[in-house]
Amino acid sequence: MKLHHCVGARSFRPLWALEALGLPYELAMLPFPPRVHAKPYFALNPLGTIPLFEDGETRMTESAAICEYLAARHGAGSLGVRPDEPEYGRYLNALHFGEATLTFPQTLVLRYGRFEPPERRNPGLVEDYSRWFLSRLKGFGAVLGDRPFVCAGRFTAADISVGYALMLAEFAGLGEQLPDFATAYWTGLKAEPSYGRALAAERRAAEAQGISTVPSPLGG
């Protein structure tokens, strides 16, 4: 298995999943954004986006889907939730909620608050989508309740998906606005040994391959 990754990008989700499962993999680091700074990458991924995950003939480019694939194909039930378990639907919903609902608005906050040239930045849009993210996150709090994990009473790929969205919020400058439940939940996820291993693997690979260790969290 091989994962193409930028430091701090969405590809951190499958990296975290690989470490949680203890699977052997190759980590190929790229400068951000690869479509600008690593043109040969288009030959592997015509979208030019991160992540790209390779497993034999399988090629995948969606971070939450890769986590779902790893849990189902290689997890032996340890990182996923089986269809016959009561909270299978809750698991799938949270797995995709982390990307589609919680990560998307933050990409606009980062793009129009930090990454675009000054003349293209849009403070009003940044404020609107920051509120959008925090509102949806508050709704997630009603679903999470006082649980340490999203579903099934254990750490799953759904926690990785939502956890990355909270990791991104810290980078986007929204960390101090996170509600108490989200701060407590994220603190618990960061205590998972696999999280620390993923960060260490990312840094080692970046340094070995001559890539900056400064996060580049849009992933596309």
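Biologist: How much area is buried between domain 1 and domain 2, and which atoms give it?

Modeller: Buried area is what two parts lose in accessible area on being put together, summed over both. In this predicted model, the area between domain 1 and domain 2 is about 2000 Å², and carbon and sulfur atoms give 67% of that area.

Biologist: Where do the bounds of the two domains fall?

Modeller: The domain assignment gives domain 1 as 2-78 + 194-218 and domain 2 as 87-192. Their C-alpha centres lie 19 Å apart. To the contact, domain 1 brings 22 residues and domain 2 brings 26 residues.

Biologist: How many salt bridges and polar contacts are counted between the domains?

Modeller: A salt bridge requires a side-chain nitrogen of Lys or Arg within 4 Å of a carboxyl oxygen of Asp or Glu. Two salt bridges are counted between domain 1 and domain 2.

Biologist: Which helices supply the side of domain 1 that touches domain 2?

Modeller: At least two residues each come from helix H1 (12-21), helix H3 (63-74) and helix H8 (193-208). The residues on that side of domain 1 comprise 13 nonpolar, six polar and three charged.

Biologist: What pattern does the protein follow along the sequence?

Modeller: The pattern is β-α-β-α-β-β-α-α-α-α-α-α, with eight helices and four strands in the protein. Its radius of gyration is 17 Å, close to the 17 Å from the globule rule for 220 residues, so the protein is as compact as a globular protein of that length.

Technical notes. Residues are numbered from 1 along each chain as its sequence is written. This is a predicted model: local features need pLDDT of at least 70, side-chain atom pairs count only at pLDDT 80 or more; totals for chains, interfaces and linings use all residues. Side-chain values use heavy atoms; hydrogens and water are left out. Domain bounds come from an automatic or database domain assignment. Contact means heavy atoms within 4.5 Å. Buried area is the accessible area (1.4 Å probe) that two parts lose on being put together, summed over both. Ala, Val, Leu, Ile, Met, Phe, Trp, Tyr, Cys and Pro count as nonpolar, Asp, Glu, Lys and Arg as charged, and the others, Gly among them, as polar. The radius of gyration is taken over C-alpha atoms; the globule rule is 2.2 Å times the number of residues to the power 0.38.
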